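Open the model in your viewer and keep the sequence panel at hand. The stops below say what to select and what is there.

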Amino acid sequence: GNESVDGQTYVVGTDTTFAPFEFRKDGKLTGIDMDLLNTIAKDQGFNVEIRSLGFSAALQALSSNQVDGVIAGMSITDERKEIYDFSEPYFESGIQMAVDRDDEAVKGYEDLKGKTVVAKTGSEGETYAKSIANEYGFKVKSLDQSATMYESVKAGSAVAVFDDYPVLAYGIAQNNGLKTVTDKVPGGSYGFAVNKGENTALLAAFNDGLAELKANGEYDKILNTYLADPS
Ligand code: GLN
């Protein structure tokens, strides 16, 4: 254990539905982020209280010190590093675009002219979509939850969704009715975040625990629980 965090309880904010990183199964919050954090906490001797807030709400809660940290499939970006300190990266990610599985019209960004796409408020996907919106002539509508984003594409109120590719891939494999049609755009890897210069002991303990889990095989075991090819 890590002495300065020993026995402490930390409040950690997360997203609501971001499978396989955080989602509810039989009412219980589960996923890679939850398993990693809980296993690291156990290894390092601290307690965690999870708040399932939504992505942008979790970041706001962190900024206003209502939570001590955030784990939410949160990408480490240069812009965010100005206000948050991140752990070592624990998962590589990036952005991809998905459309309705039955959509034969939208095969790439050039087919988005005059259309509306959805992305998550405050996310890398939103930043990316907005960065190419003028070039391709589409409109970006921001929503707070991945589940709502996917539903709006299924319902036809948006033609496409920009989200993290591991999350899109997981949902598509679970038959959510979408398909990806563009190449993956490399983005930031995921990290655990605290406010800049604050909760340094917690951040150090997270990094120590993550290194330990990587060394003892627990990290691979957790990832395989959610990502292993079932075939
Ligand atoms: N990885 C993306 C980001 O950090 C999305 C995170 C999320 O939607 N939970 O912006």
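**Stop 1: helix 2**

Begin with helix 2 and show its neighbours: its buried residues pack against strand 1 (9-14), strand 5 (69-70), strand 8 (116-120) and strand 13 (193-195). This is a predicted model. To see which side chains are involved, select residues 55-63, the span of helix 2, and pick out Phe55, Ala57, Ala58, Leu59 and Leu62, which are its buried residues. Then step past the end of the helix to Asn65, where phi is positive, near 60°.

**Stop 2: the two domains**

Next, colour the protein chain by its domain assignment. Domain 1 takes in 3-91 + 188-227, while domain 2 covers 94-186. Between their centres, taken over C-alpha atoms, there are 26 Å. Where the domains touch, 13 residues of domain 1 are in contact with 13 residues of domain 2. On the domain 1 side of this contact, five residues are nonpolar, eight are polar and none is charged.

**Stop 3: the ligand**

Now select the ligand and display what surrounds it. Which residues form its surroundings? They are Asp15, Phe18, Phe55, Ala72, Gly73, Met74, Ser75, Ser93, Lys120, Ser123, Glu124 and Asp164. Sorted by class, the shell holds four nonpolar, four polar and four charged residues.

Why does the ligand lie between domain 1 and domain 2? Both domains give residues to the shell around the ligand, so the ligand lies between them.

Terms used: Residues numbered from 1 in each chain as written. Predicted model: local features only at pLDDT ≥ 70, side-chain atom pairs only at ≥ 80, totals over all residues. Near = placed C-beta within 6 Å. Nonpolar A, V, L, I, M, F, W, Y, C, P; charged D, E, K, R; others polar. Domains from an automatic or database assignment. Contact = placed C-beta atoms within 7 Å. Buried ≥ 20, exposed ≤ 12 C-beta atoms within 10 Å, placed from the backbone. Helix = DSSP H or I, 4+ residues; strand = E, 2+ residues; numbered from the N terminus.
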